[in-house]
Amino acid sequence: MKLRRIISIIIKEYIHIFRDWRSLLIIILMPVLMIILYGYAITLDMKNLTFAVIDDARTPESRELIRGFTENRFFILKYTDIKRNEIESLFKKRYIQMALVIPGDFSESLVSNRITKVQLIVDAADSNVGTFINNYSNRVAQLFNEKLNKRSPGILGLEPRILFNPDMKSANFFVPGLVALILLLICSLLTSITITREKETGTLEQILVSPVNPIEIVVGKVIPYITLGFFNGIVIIIFARLLFKVPINGSLALIAVLSLIYIFVALSFGLMISAVAKTQQIAMLATLMATVLPTIMLSGFIFPVASMPLPLQYISKAVPATYFLIIIRGIMLKGIGLAELWKHAAALSGIGIFMLSIAIIRFKVTLE
Amino acid sequence: METEIAVSASKLSRHFGAFKAVDEISFDVKKGEIFGFLGANGAGKTTAIKMLCGLLKPTAGEATVAGFSIRTGTAMIKKNIGYMSQKFSLYEDLTVKENIEFYGGIYGLSREEIANKTRLLISELNLEKMQNSLTRALPLGWKQRLALSASLLHDPPIIFLDEPTGGVDPISRRNFWRIIYEIANRGKTVFVTTHYMDEAEYCNRVSIMHKGKIIELGTPTGLKQKYNKTTMQDIFIHIIGHN
């Protein structure tokens, strides 16, 4: 290893990056665009669910029940004076997600202390929405009962205390995940085309007849992209803070150090692909396929790993984002430190070293 | 190097599966010689040159370059050779100066050496006005000369040129050969492949490759006498026709 040679490669890579405005644009704009796009689009927060009410009772009690649904930010009452047979077409046109039918004897039934039934019709095409409406309606009914029946003493009431994300904002969950997705995508994409580009232009051959060895080439190519990836990480976290008010409860320095490890993994992955792929197109496609899908589907980015079928859980252990998600969510939301996270950091480092070794070995083999 | 031989191959072969790209070629190149490798496209010239430069491992046989084995001494070989491939292989998005600085750097030249060489080269090539423009903007003839200069930055005793004049106009080709002669006059060994038969006339000795084998080797004058022809072109067509 000769420092002079590595420095020459580093300088050259920086010139490539800053002279090619298209790749520079990708590096700067893509994370910003992605965080805005994903940050606002991927949300499991329920808002503005529309519903219809057929109130045959028209009593103070029935209006009280309806108010139970409307006095929050989740539901909007859209239709009141409709006939029963109109409900189905409203559902089919997706005008409403829920309908409430209050029978004419509602108040009398309540007063006489009988079990009173109110019909709730729910559009559960989206099962998450269906479950949410169902749960929320039960809660409304429970509150209604409590208000009505002050004297019944034996009702069990849960007093929940919600940790780490008390507002239950899904942005707090997704935006740290986006850091994992974007860093992985950008860093591996950039490095995967850097070597294949030199294969295509023939300059790689020219470098290889010089005394430079594969390790020097790989190191010289990784360092410029580590700095870029790190810059990207900072941009994403600033945006997460400003746009989505995601809390950072843990240490920023720890985020920085562990992000560097993750960036190293992403770059090694890109190098591994570029050592195998023959053209830039193949390298880009392979990188996209191998990073985006597993990261979104298998890392716990949206779906919890614990609820996956067992074979998929094993696969998720090989996905770098699985570990980084635990790390970044842990630091940002829970404020935990290295004492809890060192295992995940070690797993990440292991994956990175493994992939870099494959890249260097493959690189040597290609020459023969 | 005590020996007078710069490059020596003995039964050197390279197979790709069942295909014998290079099939037991043997030859010696003397120091200071301009040695031509002639052959049609696909005759195995590039594969042979890549093995000699350490870019490909031989399937069988042995060769030495600057006294080092291509099997065990590639690291030393790389310090002693310059290589210019048939593809233009400088960075088009780097300026002339940046290219020279980069290649100087990966050959481990010091900062002063690089600065001196850059100045010298740029004035030799009359590129003062172009030194800060992108290499992309240069005419092809200039690019080839720049690529050649870049491969000579570390002052190697042996230079491999793989079809250096491909796609260049006749005048640039003649200029290019003038430089090759200058290099040879400085005592360097030049190993050049080409499929232009007129260029063969400029070589001290030529070998003609066909289907992975060397089927003829000698001085241009010697070959002309042997086959009783007046140009290398005629000789080439005659030999290939009989194989």
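How many residues does the contact take from chain A, and how many from chain B? The contact takes 24 residues from chain A and 22 residues from chain B. Keep in mind as you look around that this is a predicted model.

## Where the chains meet

Two elements of chain A, α1 (3–19) and α8 (203–208), are the ones that give two or more residues to the side touching chain B. The top contributor is α1(A), with 9 residues.

For chain B, the mean pLDDT is 89, and 99% of its residues reach 70 or more.

## Chain A: two domains

Chain A is split into domain 1 (3–43 + 169–366) and domain 2 (49–148). Notice that domain 1 is written as two stretches of chain A.

Now find strands β1 (residues 49–55) and β2 (residues 75–79) of chain A, which run parallel and are joined by 4 bridges. One pair to look for is L49(A), whose bridge partner in β2(A) is F75(A). How does the chain get from β1(A) to β2(A)? It goes through helix α3 (residues 60–70) of chain A, making a right-handed β-α-β crossover.

## Chain B: a sheet of six strands

Over in chain B, 6 strands make an open sheet with mixed pairing, in the order β6-β7-β8-β3-β9-β10. At its edges are β6 (81–84) and β10 (213–218) of chain B, each pairing on one side only. From one strand to the next, the twist averages 15 degrees.

Within this sheet, β3(B) and β9(B) run parallel. A pair to pick out here is F37(B) with its bridge partner S207(B) in β9(B). Helix α1 (residues 45–53) of chain B packs on the sheet and touches β3, β6, β7 (158–162), β8 (189–194) and β9 of chain B. The direction of α1(B) makes about 150 degrees with that of β7(B).

## Chain B: a sheet of four strands

Chain B also has an open sheet of 4 strands, in the order β2-β1-β4-β5, and here the pairing is antiparallel. Both β2 (19–30) and β5 (68–69) of chain B have a single partner strand, so one side of each is left without a neighbour in the sheet. In the antiparallel pair β1(B) and β4(B), S8(B) has T64(B) as its bridge partner.

Helix α1(B) turns up here too: it lies across β1, β2 and β4 of chain B, at about 120 degrees to β1(B).

## Strand pairs at a glance

Here are the strand pairs from the tour.

| Strand pair | Bridges | Direction |
|---|---|---|
| β1 (residues 49–55) and β2 (residues 75–79) of chain A | 4 bridges | parallel |
| β3 (residues 34–39) and β9 (residues 205–210) of chain B | 5 bridges | parallel |
| β1 (residues 5–16) and β4 (residues 60–65) of chain B | 5 bridges | antiparallel |

Technical notes:
Residues are numbered from 1 along each chain as its sequence is written. Chains are lettered from A and ligands numbered from 1 in the order in which they are written. This is a predicted model: local features need pLDDT of at least 70, side-chain atom pairs count only at pLDDT 80 or more; totals for chains, interfaces and linings use all residues. Two residues are in contact if their C-beta atoms, placed from the backbone, lie within 7 Å. Two strands pair if DSSP finds at least two bridges between them. Axes are lines fitted to C-alpha atoms, for helices over the stretch in contact, and angles run from 0 to 180 degrees between N-to-C directions. A crossover is right-handed if, with the strands pointing away from the viewer, the path from the first strand over the helix to the second runs clockwise. pLDDT is the predictor's confidence in each residue, from 0 to 100. Domain bounds come from an automatic or database domain assignment.
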